[in-house]
Amino acid sequence: MNKFQKFTGIVAPMDRANVDTDAIIPKQYLKSIKRTGFGPNLFDDWRYLDSGEPGMDNNERRVNPDFVLNKTPYKYAQILLARENFGCGSSREHAVWALTDFGFKVVIATGFADIFFNNSFKSGLLPIVLNSTVVDQLFEELEDHEDYQLSIDLENQLISNSAGAQIPFEVDEFRKHCLLNGLDDIGLTLQHADQIKSFEQQYYQQSPWLK
Amino acid sequence: MAALTLYDKVWQQHIVRQEEDGTALLYIDRHLVHEVTSPQAFEGLHMNNRPLWRKESILAVPDHNVPTTDRHQGISDPVAKLQVDTLDQNCNSFGLTEFKMNDIRQGIVHVIGPEQGATLPGMTVVCGDSHTSTHGAFAALAFGIGTSEVEHVMATQCLIQKKSKNMRVTIEGPVGNGVTAKDIVLAIIGKIGTAGGTGYTIEFAGEAIQNLSMEGRMTVCNMTIEAGARAGLIGCDQTTIDYVKGRPFAPAAADWDNAVSQWHELHTDDGAVFDREVTIKGDSIEPQVSWGTSPEMVISINDTVPNPANETDSVKADGIQKALEYMGLDADAAINEVFVDKVFIGSCTNSRIEDLRSAADVAKGRQVADNVKLAMVVPGSGLVKQQAEQEGLDKIFIEAGFEWREPGCSMCLAMNADRLESGERCASTSNRNFEGRQGQGGRTHLVSPAMAAAAAVFGHFTDVTKLN
């Protein structure tokens with residue numbers, strides 16, 4: 001995983017609650033056995049007017065001109081601004097892979113579904129929870145400015161706009177550490193292999209039928 | 001000793017180590033694997049040259065991509081075939097237990113785990129699938145994980161987790177005749193909302209829950225994720241123990257007695273405190289039908305579809321309006337006058353033997369209505385199918401005009417050929433009514449198996465509690 005570095009990026013609005021992972025990446029694309037290549041099919045049902053199947057040339061498809069990510073400058077967005085319960089539904093990590101493959105590094109929302117939230121950190125996508133007043137304000141600012149950009153500073157846990165206004169955000173220390181350093185947490189867990197083994201010894205002595 | 005919730009107990013029993021901030025390394029007993037969310041995890045192990053920590057913990061099965069029609073032809077979709085073949089190859093090369101597509105024990109991962117006794121009380125159970133919450137019916141801590149975590153469990157037998165908060169949902173008193181587990185859980189989601197359980201593990205309790213069979217309890221726990229909670233669970237009692245006894249993976253002989261004595265502890269202690277308590281009166285629950293594009297958009301069969309003009313919150317009003325447009329419904333429409341094009345009885349929510357019996361009771365002696373283009377029954381596993389056939393349920397369905405299919409996830413998420421065409425309306429016993437879930441442009445109404453069968457034979461949603 002790449003190290004998460006401070007950046008400034010275009011913000012795209014996704015002004016609806018309960019955006020589910022079926023909408024983020026429809027099921028037909030889950031047949032892939034790879035982790036990459038999902039970006040062109042991010043929000044496929046909303047983004048294209050025809051129905052998509054794996055293997056189609058997406059450049060040949062009919063694009064929905066009204067969908068936000070088909071518009072300039074949002075097609076170059078790195079930050080998605082959303083509402084309550086973003087990423088609800090299926091556990092498919094493909095939803096995160098589709099967002100990152102498109103170019104997103106951050107999703108800001110009033111709330112995230114637990115599994116999506118968890119998956120995001122594993123693939124270098126930072127989910128930021130802000131209260132609804134602040135999110136409302138960001139939607140308003142975005143509407144008033146073409147080419148609206150925000151800077152994300154994970155190390156100092158700050159979002160700032162071009163006028164210099166700053167919004168602090170919360171993030172779990174361990175997850176922050178892993179993102180900033182691009183760490184593989186399997187490697188970290190395996191540092192405790194002896195502890196896992198000694199847990200198992202005791203555990204299976206007590207409940208041998210679980211072995 | 002402090003009074004503990006069931007969740008507290010199972011959590012504590014599985015802590016390998018814990019950091020000061022509460023981050024725990026949690027030991028995982030059972031890892032269920034299917035073809036869709038595992039290939040990238042196996043690839044990760046290969047690339048990093050990491051072995052599996054405990055291969056005995058894994059039970060694998062292809063379910064999402066398998067055809068529900070004649071399987072002798074194999075899988076015709078080459079992309080789906082590659083994914084199923086990849087699972088087979090990975091299981092072969094790592095030496096894992098897999099029920100392959102033509103094995104009688106094959107079926108939906110959340111049906112076969114319990115059916116085989118691979119899900120046991122007190123276990124931690126994970127799977128790269130959000131409906132893993134199903135297994136909480138056995139007083140197990142069970143939740144869905146993403147593919148990176150699938151790989152993490154394969155390599156370490158553990159997950160890095162923070163404990164959720166405790167919520168208890170109590171259904172007071174019994175539910176009325178004809179009201180099922182599906183109606184109970186839909187009513188709960190309608191009350192607390194699709195994000196109501198976010199950050200919590202939910203324990204379901206009360207008389208109506210205790211009265212449920214294990215099949216019914218699995219239906220309730222299955223849809224916990226639709227209320228935002230990753231895990232839902234129900235205390236262990238005699239119903240649980242009777243279900244587990246004698247199953248292939250269940251303990252036997254002396255182990256059985258020792259296991260049962262441990263399982264008797266798997267309930268919330270008197271006086272344990274929950275962070276949130278929700279109570280619903282059982283007799284207030286009627287058969288439910290979802291009307292919109294989120295499982296919280298649900299009403300009773302005798303209600304009308306909401307009107308956005310009555311909603312003061314503008315984001316919610318906009319959500320109702322968008323859902324009405326997508327669903328092709330008018331505000332204030334009576335849901336029992338809404339006609340359907342297709343009916344799907346199946347999925348990890350409602351494809352077990354009791355579900356099929358309940359649907360067959362309604363279908364018996366009736367005929368699928370003329371306006372219904374397709375009514376299909378997809379058993380949850382080969383063994384469920386076999387049992388249903390022994391009971392003659394297949395004949396009841398076929399005589400009534402239903403199609404009787406091979407087991408799999410099927411039209412719950414339409415990864416295989418079973419799907420809705422754009423604009424088609426479906427009465428479905430599955431768990432998600434999201435836009436496009438059952439096929440692009442398809443319109444899903446979530447109901448119980450009996451309600452789905454009634455929609456099939458009457459052509460529109462019908463109150464099953466009023467049938468003779």
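Is Ser164(B) buried, partly exposed or exposed?

1. Ser164(B) counts as partly exposed, at 23% relative accessibility. For reference, buried means under 20% relative accessible area, exposed over 50%, and partly exposed in between (1.4 Å probe, protein chains only). You will find Ser164(B) in the loop between strand 8 (158-161) and strand 9 (165-172) of chain B. Helices (H or I, at least four residues) and strands (E, at least two) are DSSP runs, numbered from the N terminus.

2. A word on the basis: this is a predicted model, where local features need pLDDT of at least 70 and side-chain atom pairs count only at pLDDT 80 or more, while totals for chains, interfaces and linings use all residues. Residues are numbered from 1 along each chain as its sequence is written, chains are lettered from A and ligands numbered from 1 in the order in which they are written, and side-chain values use heavy atoms, with hydrogens and water left out.

3. Beyond its neighbours within four places in sequence, Ser164(B) is in contact (heavy atoms within 4.5 Å) with Tyr7(B), Gly199(B), Tyr200(B) and Thr201(B).

4. Now look at Asn433(B), which is buried with a relative accessible area of 1%. Asn433(B) sits in the loop between strand 18 (425-428) and strand 19 (443-446) of chain B. Its side chain reaches the backbone oxygen of Gly292(B) at 3.0 Å, and a polar atom of that side chain lies 3.1 Å from the backbone oxygen of Ser294(B).

5. In chain A, seven of the nine residues of helix 4 (residues 114-122) are buried, among them Phe116(A) and Phe121(A).

Methods. Polar contact = N/O pair within 3.5 Å; in protein donor to acceptor, adjacent residues only side chain to side chain.
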